[in-house]
Amino acid sequence: SEQADWQRTRRAHRAPSLFPQAILAAQRRGEDVETSKKWAAGQNKQHFITKNTAKLDRETEELHHDRVSLEVGKVIQQGRQSKGLTQKDLATKINEKPQVIADYESGRAIPNNQVMGKIERAIGLKLRGKDIGKPLETGPKGK
């Protein structure tokens, strides 16, 4: 019976099993089992919902976000083509993903002033204000 004691001791000190059957069996035997549920374990979640994404999710017909106008999309497309750039080339030039350019050109994008500014400088045409499509004045910046 000394051997049985030794086996019981060995079993008690064994590394905890990760299998649910082993946990249930240990609980049936009356052994102390400690389990802890990890939040979002194994889902590789790196993104969290911000207020803006929550607002976008709640979009309805009467409460919607302004999108880039089709006029602006056409200006971007024409400016890009006149410089001989593909959507991918333009995206690379302004450090954005090609999908961003596609969204702006098709009028699906929600305007972002930083992105709009980068596109304006890359194609040399105004995209904001009242002279949309006019050449960008590249004078010295005044302070």
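This is a predicted model: local features need pLDDT of at least 70, side-chain atom pairs count only at pLDDT 80 or more; totals for chains, interfaces and linings use all residues.
View 1. R128 is partly exposed, at 31% relative accessible area.

View 2. How many salt bridges does the structure hold? There are six, and here are a couple to look at. The side chains of R29 and E31 meet in one of them, at 2.8 Å from N to O. R29 counts as exposed because its relative accessibility is 53%, and the cut-off is over 50%. E31 is partly exposed, at 35%. Then there's K126, which forms a salt bridge with D131; here the closest N and O atoms are 3.7 Å apart. D131 is partly exposed too, with a relative accessible area of 28%.

**View 3. Helix α4, end to end.** Helix α4 runs through residues 70–82, which makes 13 residues. From first C-alpha to last, α4 reaches 18 Å, close to the 18 Å you'd expect at 1.5 Å a residue. Just past the end of α4, have a look at G84: this glycine takes a positive phi of about 75°.

View 4. Which residues of α4 are buried? They are V72, G73, V75, I76, G79 and R80. Seen down the helix axis, these buried residues fall within an arc of 160°, so they line one face of α4. Here's a handy rule: an α-helix has 3.6 residues a turn, so residues three or four places apart point the same way. Over on the other side of α4, L70, Q78 and S82 are exposed. What covers the buried residues? The cover includes α5 (87–94), α6 (98–106) and α7 (113–123).

**View 5. The nonpolar core around I76.** The largest nonpolar core has 18 residues, and those with the most contacts inside it are I76, L90, Y104, I119 and L127. Helices α4, α5, α6 and α7 are the elements that give two or more residues to this core. The largest share comes from α7, with five residues. Now zoom in on I76: leaving aside residues up to four places away in sequence, I76 touches L90, Y104, E105, I119, I123 and L127. As a general point, nonpolar side chains tend to be buried together in soluble globular proteins.

Key. Residues are numbered from 1 along each chain as its sequence is written. Side-chain values use heavy atoms; hydrogens and water are left out. Helices (H or I, at least four residues) and strands (E, at least two) are DSSP runs, numbered from the N terminus. The expected span of a helix is 1.5 Å times one less than its number of residues. Buried means under 20% relative accessible area, exposed over 50%, partly exposed in between (1.4 Å probe, protein chains only). The arc is that of the directions from the helix axis to the C-beta atoms. Contact means heavy atoms within 4.5 Å. A salt bridge is a side-chain nitrogen of Lys or Arg within 4 Å of a carboxyl oxygen of Asp or Glu. A nonpolar core is a set of buried Ala, Val, Leu, Ile, Met, Phe, Trp, Tyr and Cys residues joined through side-chain atoms within 4.5 Å.
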